[in-house]
Amino acid sequence: MELMQRIELGELATVLVGLVALFVGRWVRQSVPLLARLDMPNAVVGAMIVAVLILLLQVMAHVDIAFGQRTRDALLLVFFTSIGLSAKLSTLKSGGRPLVILCAVTVLALVMQNVSGALLAAAWGAHPAYGILAGSLSFVGGPGTAVAWARELDSQGLANAHVVAIGAATLATIAGALVSGPITGWIVRRHKLQGTGNPDGVTFAPPPPPYKPEGNRTDTLLTTVFLILLAVSIGEKLNGYAAQAGLLLPGFLSAMIAGVIITNLADAVGYKLDFAPIEQGGALALQLFLVMALMSTPLISVAAILVPLMLNVVIQVVVTVLIAYFILFRLLGRDYDAAVASGGFLGFGLASMPVAMATMDEVGRRYGPSPKAFLLITMAGSFFVDLANAFVAKSFLALPWFAIP
């Protein structure tokens, strides 16, 4: 048997390959209408192309390529820190009862997705922790969250966690994009609903306009960098205290918690943060982290578990659709706004926030606008979903049944 030649790329070369993959992924999405309709992230498309090329090199030339990991890990911390820094808890007060309902039902969906995934994994003879990866971490969390937790579980000894996360999250993105729109349209037609464009009973005020700080943009960017580094540093301290208490926290989770603490302390003392560069920095970090993490996906291993992953998709879609229709739609009032909000819930509950926005936009064009639903989904999906998903997943993995030997 011919030995595999291994080529190791440095950190700079890895970033450059990742950027090229992002550009290629964007061009492919623009050229293939189906990928654009599915809202498949550019990072996923570009990284899969690189993974296929590496597979061909392995099979045909017996050459393997290994990418750097330090920059990728730092980008992961930046992404989750940006989520925490954007999580102003005072925003929840403006949402009123509908937002409380949406958040509560979201937590229920997170729990049920993890229960379904764990039961399927156990029935298949696999460790139930795989079910958490293929549950809310992939469906609500998306590829970025799934890969992040896969790295954590892999370090604890869960073999091929990365492969399960990649496969489940990719199928979740496709399934969510295909299902959320048609199901929402069916709800609207079944109940003969129509948008008014001016919903009554809105109990919350629209979010304030973005804060525009005084001074030049460089100062604002430096402040953002400082806050991110401060949150990461505080997160490391939190990890140390948690470890002393016998609680193991992923580094990205503690960084996110630190970000929440910082932004809400600033809010409490009246210091206004500029969230635009924080969100842009988080989005950039996510794209780069995602493409760099997915480029090394062992596609042969993903193909080997395709059957259980497909079965998991069917189960998760059924569970989430039932929750959206029989619980969320009814609790929100069974009106047009409730239907559109249920569609947005399906979007981020099965795929991502872009899919949620695209679903509600399409329904709005066909049946009428729903500003109330857009505002509800935006407030819940902007930060609550990620925070709740992290804590629900951590709670499941802390149970004895999910202990990794």
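Trainee: Is Asp73 buried, partly exposed or exposed?
Mentor: In this predicted model, Asp73 has a relative accessibility of 23%, so Asp73 counts as partly exposed.

Trainee: And which residue does Asp73 form a salt bridge with?
Mentor: Asp73 forms a salt bridge with Arg72, and the closest N and O atoms of that pair are 3.4 Å apart. Arg72 counts as buried, because its relative accessibility is 9% and buried means under 20%.

Trainee: How many salt bridges does a search of the whole structure find?
Mentor: The search finds four, and among them are two that involve Arg6, namely the one with Glu8, where the closest N and O atoms are 3.3 Å apart, and the one with Asp64, where the corresponding separation is 3.7 Å.

Trainee: Switching topic, which residues make the nonpolar surface patch?
Mentor: The patch, of about 690 Å², is made by Val20, Val24, Ile49, Val52, Leu53, Leu56, Val59 and Met60. Helix 1 (11–31) and helix 3 (42–61) are the elements that give two or more residues to this patch, and helix 3 gives the most, with six residues.

Trainee: What about Val24, is that one buried or partly exposed?
Mentor: Val24, whose place is in helix 1, is partly exposed, with a relative accessible area of 32%.

Definitions and conventions:
Residues numbered from 1 in each chain as written. Predicted model: local features only at pLDDT ≥ 70, side-chain atom pairs only at ≥ 80, totals over all residues. Heavy atoms only, no water. Patch = residues over 30% accessible without salt bridge, like charges linked within 9 Å, V, L, I, M, F, W, Y side chains within 5 Å. Areas by Shrake-Rupley, 256 points an atom, 1.4 Å probe, with all protein chains shown as cover. Salt bridge = Lys/Arg side-chain N within 4 Å of Asp/Glu carboxyl O. Helix = DSSP H or I, 4+ residues; strand = E, 2+ residues; numbered from the N terminus. Buried < 20%, exposed > 50% of the residue type's maximum accessible area, 1.4 Å probe, protein only.
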